[in-house]
Amino acid sequence: MLDRDLGPMPFVILDDDDFWRGHIETVLVQTGHWDCILSVSSSQALKASMHLVHEAQVVLIDIMLQGESGLDVLVHLRKTLQLDCSLVMLTSVNDDEVLHQAIQLGANGYVLKSSDPAKITQALEALFDNGAPISPEIAKKLIARMQGQTPSHTGPQPSPILSAKEWQILRCLANGDSYENAAARLRMSINTFRYYIKKIYRSIHVENRSEASRWYFENKE
């Protein structure tokens with residue numbers, strides 16, 4: 001548990017978006033409870049300053065980094081380096097399945113950086129009470145899912161490679177939908193949709209939409 005009596009809590013933030021990185025840093029530092037000791041835009045920059053990372057009590061990691069996944073950074077810090085500080089995913093991906101994956105990989109929390117500043121600080125300061133920082137929007141979706149209120153998926157059944165949701169997304173691409181139309185049809189944000197596209201491409205080992213569409217038609221049930 002973090003201790004308020006020790007003074008401002010040293011934290012590190014990794015986000016490739018300069019605006020959001022600066023915004024979150026300002027929101028936290030202004031409370032007087034947090035001290036940003038490192039603010040970087042890539043995992044390479046993070047690894048170059050590991051002496052500071054080891055001094056942090058909290059590391060905030062964006063999921064959708066340029067050319068890489070924040071989940072891979074999470075695994076490196078938690079599993080490879082075995083850091084015992086709090087690792088919190090800071091993201092615009094409002095999706096409970098991504099949250100579930102992050103928690104399985106060792107994340108201590110999941111905070112939407114687009115939330116109201118008060119909600120961001122409130123979520124993160126749950127760490128002071130040995131809690132798990134999760135944005136209210138995400139918590140609400142998790143409760144609904146646990147209560148069985150999440151609509152069932154339609155379309156191809158999950159395979160060991162892709163989940164039911166990923167099949168839906170891939171079907172939209174194969175049918176020629178734009179990212180915007182497909183995201184709206186599946187009731188997810190465009191950022192969440194793009195996250196899934198990258199994940200699908202990695203899972204089925206393709207590099208573009210054309211290859212992904214061909215894979216879909218060859219493998220659909």
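## Reading the bridges and rings

Tutor: Welcome! In this predicted model, the count comes to 5 salt bridges.

Student: What makes lysine 113 and aspartate 15 a salt bridge?

Tutor: Their closest N and O atoms are 2.8 Å apart. The cut-off is 4 Å between a side-chain nitrogen of Lys or Arg and a carboxyl oxygen of Asp or Glu, so the pair qualifies.

Student: Why is this pair said to tie together parts of the chain?

Tutor: Because lysine 113 lies in the loop between strand S7 and H6, while aspartate 15 lies in the loop between S1 and helix H1, and these parts are 98 residues apart in sequence. Asp15 and Lys113 also belong to a network of salt bridges with Asp62.

Student: How do you know whether lysine 113 and aspartate 15 are buried or exposed?

Tutor: Buried means under 20% relative accessible area. Lysine 113 has 5%, so lysine 113 counts as buried; aspartate 15 has 0%, so aspartate 15 is buried too.

Student: Now helix H1: what separates arginine 21 and aspartate 18 there?

Tutor: About one helical turn, because they are 3 residues apart in that helix. Arginine 21 forms a salt bridge with aspartate 18, with the closest N and O atoms 2.9 Å apart.

Student: Why is arginine 21 called buried, and why is aspartate 18 called exposed?

Tutor: Arginine 21 has a relative accessible area of 13%, under the 20% limit, so arginine 21 is buried. Aspartate 18 has 55%, over the 50% limit, so aspartate 18 counts as exposed.

Student: On to the rings. How many aromatic pairs are there?

Tutor: The count comes to 8 aromatic pairs.

Student: Why is the pair of phenylalanine 11 and tryptophan 34 called edge-to-face?

Tutor: Their centres are 6.0 Å apart, within the 6.5 Å needed for a pair, and their planes stand at 85°, over the 60 degrees limit, so the pair is edge-to-face. Phenylalanine 11 sits in strand S1 and tryptophan 34 in strand S2, 23 residues apart.

Notes
Residues numbered from 1 in each chain as written. Predicted model: local features only at pLDDT ≥ 70, side-chain atom pairs only at ≥ 80, totals over all residues. Heavy atoms only, no water. Phe/Tyr/Trp six-rings, centres within 6.5 Å; stacked < 30°, edge-to-face > 60°. Helix = DSSP H or I, 4+ residues; strand = E, 2+ residues; numbered from the N terminus. Buried < 20%, exposed > 50% of the residue type's maximum accessible area, 1.4 Å probe, protein only.
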